[in-house]
Amino acid sequence: MLRYVFRRLLTAIPTLFVIVTVAFFLIRVAPGGPFNQERGLSPEIRANLEAQFGLNDPLWLQYVHYLGNLLRGSFGPSYNLPDFTVTELFAKGLPISVQLGTSALVLALLLGSILGTIAALNQNKLADYSVIALATAGSTIPTFVIAPVIQLVFGLSWKLLPIGGWGDGALINKVGPVLTLALPQIAIVARLMRGSMIESLRSHHIRTARALGLSDWSVVVKHALRGAVLPIVSFTGPAAAALLTGSIIVETIFSIPGVGRYFVDAALNRDYTLVMGTVVVIALFTIVFNLIVDLLYAVVDPRVRYD
Amino acid sequence: MTDLAVAVPEPIAGRSLWGNAWARLKRNRAAMFSLYYLAFISVISVFGPMVVPHEYTTIYGDYVRMPPSLSAYPKPDMIQGALTDAIKRMRADIKEWHQDGNRVIVTVTSTKPIDDRNIRYLDRSDAFDDTRIENKSPDGREVTMSSAVKQQYFFFGTDNTGRDLLSRTLMAGRISLAIGLLAGVVAGVIGVIYGATAGFAGGRVDEVMMRIVDVLYSLPFIFFVIMLVVFFGRNFVLMFLAVGAVLWLDMARIVRGQALSIRRQEYVQAAEAMGVGQRGILLRHVIPNLLGPVVIYMTLLVPQVIILESFLSFLGLGVQEPMTSWGVLISVGAKNIGYANWLLLFPAFFLVSTLFALNFVGDGLRDALDPKDR
């Protein structure tokens, strides 16, 4: 098992290398530079700034420098927020995004699984149709509509929630963003769960369990759930990586100081180091969560073995 | 009952597979309703902006952020305000005013003689029209004017700068739907050609082509899109062609898989055994059988593009003012929910209902064209 983890982490290195390389050259090919848009910047100062950050070196040299820094664990300074290094920016924003993302993910997994199971147990009845309708709505309505509608209904009309802001992590400030993040995921999980649960309930060991006179609860929770949960485990990997690295829409609408906006803002301002930092962080999250999911597979499904 | 036995049996007209599919689709009420709804939305988006009395760019300075209403503006209680504003610009004072049917009759006084041309200040207001001087005192310091009240309807209200939201929503629909179709077709065509080539060529060519797709898949999608925005700047037509060029990956995979499986079907082997050429097989068997999945996936591609367009416009990277799209309107609405929630609700309703309809049509087509997959 440990050897498997080690091997997986080793194979992640070339993947990461390719991603870093592609991203590095892609953002450099784009026209413009980090100091082009700054107003009132005289050409001399700009030249100085560019020299200071080594932007006048040949591209391959900058690339080698960047890789060297990365190996030493440094993402470099941010060009557009010169008081901060990229690492500091992430240290500030990432905990916030991770908190929101984790809450949304847990909520989605719990609620989605329950709804999906209810739908599967009441196939083609009212409960089933309600869950299907909810799932269709959740996966059709875009986040940038859900978020302002939540603000409008819960924040302005009913005055239950603050309209936005982080509020130093107060619980009430998290409700809106977490709901918005979770709704589409609940829809996906419910749909997956419904499908796999229907399948699982049809299998032979369930028939046997029922024949042995086990209670409905025991049949569903102890026996059917274990088989049905596999598709949800594999969904969790990419979903977790996406949720935990911040959502630009949710963080913009609710004014949350997370990392969701970094990528777009950095790319538009040609803040090269911040773009690269974001790409690396997203890639790392994806790799790690896919690994965790594969390990979970072995826990859930005893037929899977990593030796 | 007896005549039934003697009735001459009519020759049974065969029904094509497409006819079958159409019959199945017609039985699906949600899909048919969605189809009509989409037709309705398309018609009002294309022709609506020509019919609505307001241009989508016209700014009514006196009607900023007016709530939606079925009755005409100016409201009776707004006439006083509009009149006061206009007369103030004339540098005169209202002595008396009253309304006579459709016209407002106002008497103004000033310390200096009032120039006749000053009545244009009343016409310039969005509330009045066709101003005439009715009576003038000998010293010219007191003038009685009459002016028609301009009746204007803003069924969806007006936005932050006083533009009619109805015409803007319809115009936005035109843009959003056009972009959805345009980028959807671009993605579809590239995907079909690429996937079909890979599926037909098979062997090493297929291997290489599909590895390229895998590599493109593994890059974060949003990274791609942002890079496209960076490259193409704010030219949205070019940009959405590029977005279309990114979305073809799924289509390529689907078409390739289909092409591979169709080629191994028994009826194709039978045709080959009977000596039908490559071309014949392609036209008679492969293309008609590919059409189903392609049509289904296209209907799912269009909403994807519309969401993507709205997402980019929401971030301020897509369609630029004064041109508009549902994403642009929703983004403005989201910033103004505190005092003008109609700016969010109307465009959001149009966008979401259209997305629902497209999804229902897609599901309906899938059921109709591929009865195995139910």
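User: Which residue of S2(B) stands opposite B:Asp100?

Analyst: B:Asp100 stands opposite B:Arg103 in S2(B). This is a predicted model, in which local features need pLDDT of at least 70 and side-chain atom pairs count only at pLDDT 80 or more, while totals for chains, interfaces and linings use all residues. Residues are numbered from 1 along each chain as its sequence is written, and chains are lettered from A and ligands numbered from 1 in the order in which they are written.

User: Why are H6(A) and H7(A) called oblique to each other?

Analyst: The axes of helix H6 (residues 143-157) and helix H7 (residues 171-201), both of chain A, come within 10 Å and cross at roughly 140 degrees; axes are lines fitted to C-alpha atoms, for helices over the stretch in contact, and angles run from 0 to 180 degrees between N-to-C directions. Angles under 35 degrees count as roughly parallel, over 145 as roughly antiparallel, 65 to 115 as roughly perpendicular and the rest as oblique, and H6(A) and H7(A) are therefore oblique to each other.

User: What makes up the contact of H6(A) with H7(A), by class?

Analyst: Residues of H6(A), including A:Ile146 and A:Phe154, meet residues of H7(A), among them A:Leu179 and A:Leu183, where contact means that C-beta atoms, placed from the backbone, lie within 7 Å. By class, this contact has 7 nonpolar, 5 polar and no charged residues, with Ala, Val, Leu, Ile, Met, Phe, Trp, Tyr, Cys and Pro counted as nonpolar, Asp, Glu, Lys and Arg as charged, and the others, Gly among them, as polar.

Conventions. Two strands pair if DSSP finds at least two bridges between them. Helices (H or I, at least four residues) and strands (E, at least two) are DSSP runs, numbered from the N terminus. Two residues are in contact if their C-beta atoms, placed from the backbone, lie within 7 Å.
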